[in-house]
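Here is a short briefing to read alongside the sequence and the 3D view.

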Amino acid sequence: MERRFARRGGQQEEDAEMNVDPALRSAQQQPKVPQKPLFGTPCLDTIKRIKKTRGISRRTRLVSLVVDDDPVEGCAEETPTVERGIPQSQSGNASPMSMMESSVSKCVEAALRRIFIDKEFPVSMKRSPRRKKLEDREVRMERAAEPSHERDFLLGEVRRVFKDMFKISQDSDFIVHQPASREEVYSYQYEDGPGPNPQNLAFDLANGSRTPWNAKVLDLLLTELQERCTQEGWPFQRSDRYYKAIIEERYKRLRTVWKAAQPKVTEKGVLETAAEVEDRVNTKKDETLKAVRQSTRRRNVSPQSQAHFDTQRLPQKYVRRITVLKHLVEQKSDQKDEDLPAWQWLQRLVKILGDGGMSSEESDVENEFECVLRVKNMGWRREIERELNIVDHQRMLDDDIFAPQGSKPLKRIRAPGNPKTTRKPTTGLPEIFYNSKWLAGLSEREVEGLEITNEMFKWMKVVVA
């Protein structure tokens, strides 16, 4: 019986297979290809589908803090499971993670309170390069358009504000300034600290002007300057960016003075003593004053001499020589003298050299009573002292060029042992104006930096007949 039913069942399956469509049968006989597993979760797929249909929200996100009257009870109510997980024996010792969370929460709370309650917005926000470039350009244009007397007035007012606020009479007095402590700076920047005291301002001299503490001090100084401008009725005003720029420059100058007076490490690896610091500061001050006197002597030009030139504040020696040569060339041209080409050559020589090719002097005392000027050696320049002495000597011979009034010209001493000039070589001159030995000791890059021109200049030998 079992064999008969099994045979009958096999026949029914064969009949069913014969009644099936051949295309469907071939499709069923094809081997099944394993499908790739689908990675992802239903939640992730749902989120992606929502983003695709609704888009991503671009609205402003708010950050808020809930201030509880009893923070201990609030923490106990919100996180009961955490307290149960902590053994009672360790309740007095906070874990490092909880300490970090507490510090972060304090910083965030102080920042939000400063913004929303105290209305103090961050002053050290970074500006985009384009915005910074535009603002700097506006300040430069404002400076370039102002007259010199207006700028001198505003700089004097800024110095007066610093003198009154920091109780100093000159820049050197700022070396005793007591900077703000690190605790006060840290508390103001990262916690809910009070910040700078307007009645007793103190800079954070360890950092620049962009830190929150120093930026706040500069804002207080700017406010004081604006109040004085309104109360005193200044004849002209400037933008806030202009005022802030010169205030920042003033701070940088005073900070440089303060840092120069701090003890430094000596060659022996120890800090300087107070006496050593004082000697170093006084030596540097004398060198600075000496350089200022030399610069003033070179640029102390009378208004009558400046009337012959378009540019102002040219070196005195350059203006004097140009004036002498101009007068002599005009005189020789009218009289048609034979030595006119020689004077024209000297005139062209001085003009090509320019004010940068004129040497400077250093005052000295000779024979214990005579004041003299020692001409500094310019190693880069060709030896043209003899030609220039001819022009200088002619000034004392012709009284109609320069009036004999005033102080008597000092004796100038030229010697190889005189000090060397500290000014850089003048660029853009013909090669014949440079010292050949000095030029041979330069590298190729240094020679390229001189920008030597191909202008032809034939050298002449001029002597006094």
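**The chain at a glance**

The chain holds 18 helices and 3 strands, where helices (H or I, at least four residues) and strands (E, at least two) are DSSP runs numbered from the N terminus. This is a predicted model, in which local features need pLDDT of at least 70, side-chain atom pairs count only at pLDDT 80 or more, and totals for chains, interfaces and linings use all residues. Residues are numbered from 1 along each chain as its sequence is written, and side-chain values use heavy atoms, with hydrogens and water left out.

Of the 465 residues of the chain, 27% count as buried; buried means under 20% relative accessible area, exposed over 50%, and partly exposed in between, with a 1.4 Å probe and protein chains only. Contact means heavy atoms within 4.5 Å. Among contacts between residues at least 6 apart in sequence, 63% join residues at least 24 apart.

**Helix α15 and its end**

- Helix α15 covers residues 340-353, and its end C-alpha atoms are 20 Å apart, which agrees with the 20 Å that its 14 residues should span at 1.5 Å a residue; the expected span is 1.5 Å times one less than the number of residues.
- How many residues of α15 are buried? The helix is mostly covered, with 10 of its 14 residues buried.
- Those buried residues are Leu340, Ala342, Trp343, Trp345, Leu346, Gln347, Leu349, Val350, Ile352 and Leu353.
- Leu353 lies in α15 and counts as buried because its relative accessibility is 2%.
- Leaving aside neighbours within four places in sequence, Leu353 is in contact with Met358, Arg381, Ile384, Thr426, Leu429 and Phe433.
- Just after α15, Gly354 takes a positive phi of about 75°.

**How α14 packs on α15**

- Two packed helices are described by the angle between their axes and the distance between the axes.
- The axes of helix α14 (residues 316-335) and α15 come within 9 Å and cross at roughly 155°; axes are lines fitted to C-alpha atoms, for helices over the stretch in contact, and angles run from 0 to 180 degrees between N-to-C directions.
- That angle makes α14 roughly antiparallel to α15, since angles under 35 degrees count as roughly parallel, over 145 as roughly antiparallel, 65 to 115 as roughly perpendicular and the rest as oblique.
- On the α14 side, the contact is made by Tyr318, Arg321, Ile322, Leu325, Lys326, Leu328, Val329, Lys332 and Ser333.
- On the α15 side, the contact is made by Leu340, Trp343, Gln344, Leu346, Gln347, Val350 and Lys351.
- By class, the contact of α14 with α15 has 9 nonpolar, 3 polar and 4 charged residues; Ala, Val, Leu, Ile, Met, Phe, Trp, Tyr, Cys and Pro count as nonpolar, Asp, Glu, Lys and Arg as charged, and the others, Gly among them, as polar.

**How α9 meets α10**

- The axes of helix α9 (residues 182-190) and α10 come within 9 Å and cross at roughly 90°.
- Glu184, Val185, Tyr188 and Gln189 of α9 make the contact with Pro212, Trp213 and Lys216 of α10.
- By class, the contact of α9 with α10 has 4 nonpolar, 1 polar and 2 charged residues.

**Helix α11**

- Helix α11 (residues 240-260) has 21 residues and reaches 30 Å from its first C-alpha to its last, close to the 30 Å expected at 1.5 Å a residue.
- Its buried residues include Tyr242, Tyr243, Glu248, Arg250, Arg255 and Trp258.
- What covers the buried residues of α11 includes α7 (129-145), α8 (148-166) and α10 (212-232).

**Loop residues worth a click**

- Lys167 is found in the loop between α8 and α9, and its phi is near 60°, a positive value in a residue other than glycine.
- Lys167 counts as exposed, at 68% relative accessibility.
- Lys336, in the loop between α14 and α15, has a positive phi of about 55° although it is not a glycine.
- Is Lys336 buried or exposed? Lys336 is exposed, with a relative accessible area of 72%.
- Glu272 lies in the loop between α11 and α12 (274-299) and counts as buried at 17% relative accessibility.
- Not counting residues up to four places away in sequence, Glu272 touches Gln262, Pro263, Lys264, Thr266, Val277 and Arg280.
- Glu272 and Gln262 are 10 residues apart in sequence and 8.8 Å apart in space, C-alpha to C-alpha.
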